[in-house]
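Here are a few exercises to work through with the model open in your viewer. Try each one before reading its solution.

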Amino acid sequence: MDKTSDEPPTSAVLLDNCHFSQVVFNNVEKFYVPGGDITCQYTLTQNMVPRGKDWVGIFRVGWKTTREYYTFMWAPLPSDTHSDTNSDAAAQHQIQFKAYYLPKDDEYYQFCYVDQDGVVRGASVPFQFRAETEDDILVVTTQGEVEELELQNKNLHEENKELKASCASLQQQNINLQEELKKTQELQNNVESLRSNIEKLELELNSLRKENKHLKEQDDCRGAELHQLKEQIQNMSSDKDRLASRLRAALEHMDQLQSQVLNYEKEVENLSRVNHDKTEQLESLKEENRRLRVSRTQENLRDENDALLRRLPWAGEGSSSSGVPQAPEGFLLFGNPYCAAGANLGAGAANVASLRQCPMCNEVFPEDTGTSQYEAHVQSHLLQCPHCSQTFDKSNKQVFDDHLLCHGLE
C-alpha cells in the first residue's frame with residue numbers, strides 16, 4: 001500500500017506516553033528476505049478496543065513520534081466487535097505488507113500498532129531486511145532454564161489475569177460512579193431549575209395579588225362612577241328636551257337671518273355698483289386736476305420768464321447802455337423748464353458770457369472769471385428734477401413741487 005495515497009492519523013506523542021502492552025506482535029522473525037511479502041501477526045488484548053482508523057506501521061528503530069513511519073497498512077476490524085472481553089483466547093489478526101513498499105536497506109525496523117488518535121498501543125522486537133547467513137547465532141537453552149522461564153511465564157500470566165480482572169472491576173466501578181455522578185448532576189440541575197421556576201411563580205403570584213387588589217379598587221371606583229353616570233344621563237335627558245326646544249327656536253331665527261342676509265347681499269351689490277361709478281368719477285376728477293395743475297404751472301413759468309426778461313439787460317453788439325432790447329416772441333431766457341438741464345445752462349451761458357452777470361441775483365463777475373465758476377454760481381440757484389433732469393429756480397420752489405406732482409400723477 002502506498003503511504004502517500006491516504007495519510008494515517010499521527011501525533012507528536014513521545015515514547016513515555018505510549019502503551020506498548022495493549023497489542024502483542026507474534027512470530028516476528030529476526031530478519032526478512034528482501035524482495036518478498038511479509039506477514040505481520042498480532043494479538044489485541046482485553047484492554048484494547050479497535051477502531052476504524054487504527055493502523056500498523058513499519059518504523060526504523062530509534063523513532064521519536066508516529067510521524068516517522070516508513071510504510072503502513074490499515075488494521076482490519078475484528079469480525080465480532082461485541083465479543084466477551086474476558087475471554088481467555090485473545091483475538092488474533094494479521095496484515096500482509098507487499099514487497100514493493102518495504103525498505104531496501106539493512107537497518108533495524110519494528111512493527112507498531114497505532115490507534116486513530118495517533119497513540120502507539122504495541123511494538124514488536126526489531127528485525128532486518130537481509131538474507132540469512134551462516135553467521136547467525138542459534139541460542140540454546142537448557143531444560144531447567146526452560147522450565148524456570150515457563151514457571152515465570154505462568155506466574156506472570158496469572159498476575160496478568162488478576163490485574164485484568166481488577167482493572168475490569170475498577171473500570172466497571174468507574175462507569176457506575178460516572179453514571180451516578182451524571183444522575184446526581186442531572187438531579188441537581190433539575191432542583192436548580194425547580195427553584196428558579198418556584199421563584200418565578202412566586203413573583204407572578206405576588207404580581208397577580210397586587211393586580212387583583214388594584215382591580216377590586218378600580219371596581220369600587222367604577223361602581224361610584226356608574227352611579228354618577230346614571231345621574232348624568234337623567235340630567236342629560238332633561239337637558240336634551242330643553243336643547244330641542246332651543247334648537248327649534250334657533251332654526252326659526254336662522255331662517256329670518258337668511259332672509260336678512262339675502263337683503264344685505266342685494267344692498268351690497270347696489271353699493272358696489274355705486275362705488276364703481278364713484279371710482280370712475282374720482283379718476284376723471286384726478287385727471288382733470290392734473291391737467292389743471294400742469295396748465296397753471298406752465299402759466300406761472302411764462303409769467304416768471306417774462307419778469308426775468310424785463311429784469312435782465314440784453315447784451316448784444318451795438319446795443320445802448322440804457323436800452324433793454326426785447327427778446328423774440330415766445331423766447332424763454334433760461335429755456336423751457338421741462339427741457340434738459342444742460343441745454344438750459346448752455347443757452348444762458350452763451351447769451352450772458354459777455355456780461356458775466358448772474359440772471360438770478362444780478363451779481364456781476366469780473367471779465368477774467370472762468371466759465372465753469374460762473375456756471376456753478378448760476379447752477380446753485382437752480383433745482384434739478386430727478387425724473388427728467390429739468391431745472392427750476394430755487395426762489396420759486398412751488399413750481400418745482402408742482403412739476404414733481406405731475407410726475408406722480410403720471
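**Exercise 1.** How do the residues lining the second largest cavity divide into nonpolar, polar and charged?

First, the ground rules: this is a predicted model, where local features need pLDDT of at least 70, side-chain atom pairs count only at pLDDT 80 or more, and totals for chains, interfaces and linings use all residues. Numbering runs from 1 along each chain as its sequence is written, and side-chain values use heavy atoms, with hydrogens and water left out.

Step 1: find the cavity (on a 1 Å grid over the protein atoms alone, a set of points where a 1.4 Å probe fits but cannot get out).

Step 2: list its lining (residues with an atom within 4 Å of a point): Val-33, Pro-34, Gly-35, Ala-99, Leu-102, Pro-103, Lys-104 and Phe-129.

Step 3: sort them, with Pro counted as nonpolar, Lys as charged and Gly as polar. You get six nonpolar, one polar and one charged.

**Exercise 2.** Work out which strands sit at the edges of the open four-strand sheet.

Step 1: write down the order, S5-S4-S7-S8, with antiparallel pairing. Strands here are DSSP E runs of at least two residues, and two of them pair if DSSP finds at least two bridges between them.

Step 2: look for single partners. S5 (69-74) and S8 (120-123) have just one each, so one side of each lacks a neighbour in the sheet.

Step 3: check one pairing. S4 and S5 share five bridges, and Gly-57 has Phe-72 in S5 as its bridge partner.

Note on methods
1 Å grid on protein atoms, 1.4 Å probe; cavity = no way out; pocket = protein on both sides within 12 Å on 5 of 7 lines; lining within 4 Å.
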